[in-house]
Amino acid sequence: MEQESDLNWQNLEMKFGVKVFLTVLYSLILILGILGNSITIHVTQVLQRKGYLQKCVTDHMVSLACSDLLVLLIGMPVELYSAIWFPFSSASGNAACKIYNFLFEACSYATILNVTTLSFERYMAICHPFRYKVLANARTAHLILAAWLTSILIAVPLLITTGTQGHVVEPGGAPAKNLTFCTNLHEYWGMYRASVFVAFILYLLVLGSVAFMCRSMIVVLKAPMITTDTSGTSGPKHENARVKASRKQTIIFLVLIVCALLVCWMPNQVRRMMSASIPKKSWNRSYLLSYVKLHPIADTFFYLSSVLNPMLYNLSSRQFRTAFLQALCCRLSIEHVNKRTVEKSKAPHASSHSLRPLLRRKSQQKSTPPSSRDAETLNLSAESSPVVQKLDTPPAVSSETDT
């Protein structure tokens with residue numbers, strides 16, 4: 001870096017008004033993130049018990065919400081102190097610096113890998129529904145475990161390559177005590193650089209795989225539904241406006257997933273690549289200014305990604321949106337899907353039974369018995385009900401879709 005005489009460190013700090021604005025913004029993001037992800041965990045568990053959501057989807061959503069909560073709780077308070085209010089001093093010790101970087105890195109990549117596993121779960125349900133039913137629960141547990149283990153392995157090098165380090169005023173001099181950073185250590189520069197590049201490659205792979213899966217799901221959702229009648233001939237099924245609207249909503253949801261990964265994560269990845277591309281001792285004034293100005297912008301978008309996930313869930317399902325709003329108002333009350341389905345199916349049949357004559361001709365009795373449909377309705381289970389499939393099958397497959 002440039003010498004102390006050539007660099008006024010106070011000019012690199014944000015103005016007081018900017019610090020106050022970012023503090024309010026970060027606090028708002030923190031409150032919304034904690035509230036949204038906590039309610040998401042509660043709502044998904046309630047929907048599973050009531051039969052509206054399968055366990056495999058619930059596990060993915062809970063795992064993602066937990067990683068988002070950890071990112072907010074671990075990272076945001078430290079960012080407010082060290083990156084905004086006191087950017088050129090570190091009150092924490094060397095061990096605290098290492099633990100913080102490790103936990104934050106692990107939770108951050110657990111979030112993006114949980115998005116990947118959830119997208120893969122939806123990809124299998126929409127594009128390969130028959131394979132999806134085979135060993136669904138076991139596959140879900142393995143995917144979630146692999147996501148967390150991979151994120152931990154990515155974060156392990158930071159236990160070695162990061163720590164507290166003072167700025168050297170002159171070559172060969174002692175570090176200035178009032179300029180102490182929690183940063184990457186210059187003696188482990190090669191290992192730190194390799195870990196950051198590997199993490200960036202993983203991010204690109206995740207972004208590409210999620211984009212591919214979303215594109216495949218959109219192709220399936222845009223394709224017309226094909227039905228086969230009793231004569232064996234196939235033809236396109238007529239879709240009403242509700243089904244078309246539900247398909248369009250699902251496509252928008254899938255596009256937003258890719259956009260969220262790209263927009264919210266890319267600035268942070270650029271900042272990380274800047275720190276790993278050139279050693280700190282080779283940074284000039286303009287490079288350091290660019291890094292300092294990019295830091296709060298990248299962090300803001302990064303933390304927004306933890307707030308957007310509950311919003312995307314609300315966009316994807318009317319049932320989830322209803323339950324989420326009820327939980328937000330502290331009056332969550334949802335009937336079990338079987339009770340709701342049976343009552344809905346009994347209503348039209350009760351009026352038709354009251355108008356049915358007591359005696360019928362034999363030719364009329366050869367038709368389908370009036371009680372057969374009632375029996376099928378009563379035998380509906382929470383897994384096969386069309387209402388259950390709202391959150392775990394594509395709207396094109398379900399007979400009752402969300403809008």
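## Cysteines and disulfides

A disulfide is a pair of cysteine sulfur atoms within 2.5 Å, and a search of the whole structure, which is a predicted model, finds 0 disulfides. For C264, the nearest cysteine sulfur is that of C259, 9.8 Å away, and C264 is in no disulfide. C329 is likewise in no disulfide, since the nearest cysteine sulfur, belonging to C330, is 7.5 Å away.

Is C264 buried or exposed? Its relative accessible area is 5%, and because buried means under 20% relative accessible area, C264 counts as buried.

## Transmembrane annotation

The unreviewed UniProt entry lists residues 20-41, 62-87, 99-120, 141-160, 194-214 and 251-268 under "transmembrane region". In residues 20-41, the end C-alpha atoms lie 32 Å apart, and the span is 100% helix and 0% strand. In residues 141-160, the end C-alpha atoms lie 30 Å apart, and this span is 90% helix and 0% strand.

Which residues make the nonpolar surface patch of about 390 Å²? The patch is made by L262, V263, I297, F301 and L304. Helix α8, residues 241-277, and helix α9, residues 285-316, each supply at least two residues of this patch, and α9 gives the most, with 3 residues.

L262, one of the residues in the patch, has its place in helix α8. With a relative accessibility of 40%, L262 counts as partly exposed, because that class lies between the buried limit of 20% and the exposed limit of 50%.

Where does the backbone take a positive phi just after α10? This happens at C330, where phi is about 60 degrees, although C330 is not a glycine. The place of C330 is in the loop between α10 and α11, the latter being residues 337-355. C330 has a relative accessibility of 73% and counts as exposed, because exposed means over 50%.

Technical notes: Residues numbered from 1 in each chain as written. Predicted model: local features only at pLDDT ≥ 70, side-chain atom pairs only at ≥ 80, totals over all residues. Heavy atoms only, no water. Buried < 20%, exposed > 50% of the residue type's maximum accessible area, 1.4 Å probe, protein only. UniProt positions renumbered as here; feature names shortened; annotations may be inferred. Helix = DSSP H or I, 4+ residues; strand = E, 2+ residues; numbered from the N terminus. Patch = residues over 30% accessible without salt bridge, like charges linked within 9 Å, V, L, I, M, F, W, Y side chains within 5 Å. Areas by Shrake-Rupley, 256 points an atom, 1.4 Å probe, with all protein chains shown as cover. Salt bridge = Lys/Arg side-chain N within 4 Å of Asp/Glu carboxyl O.
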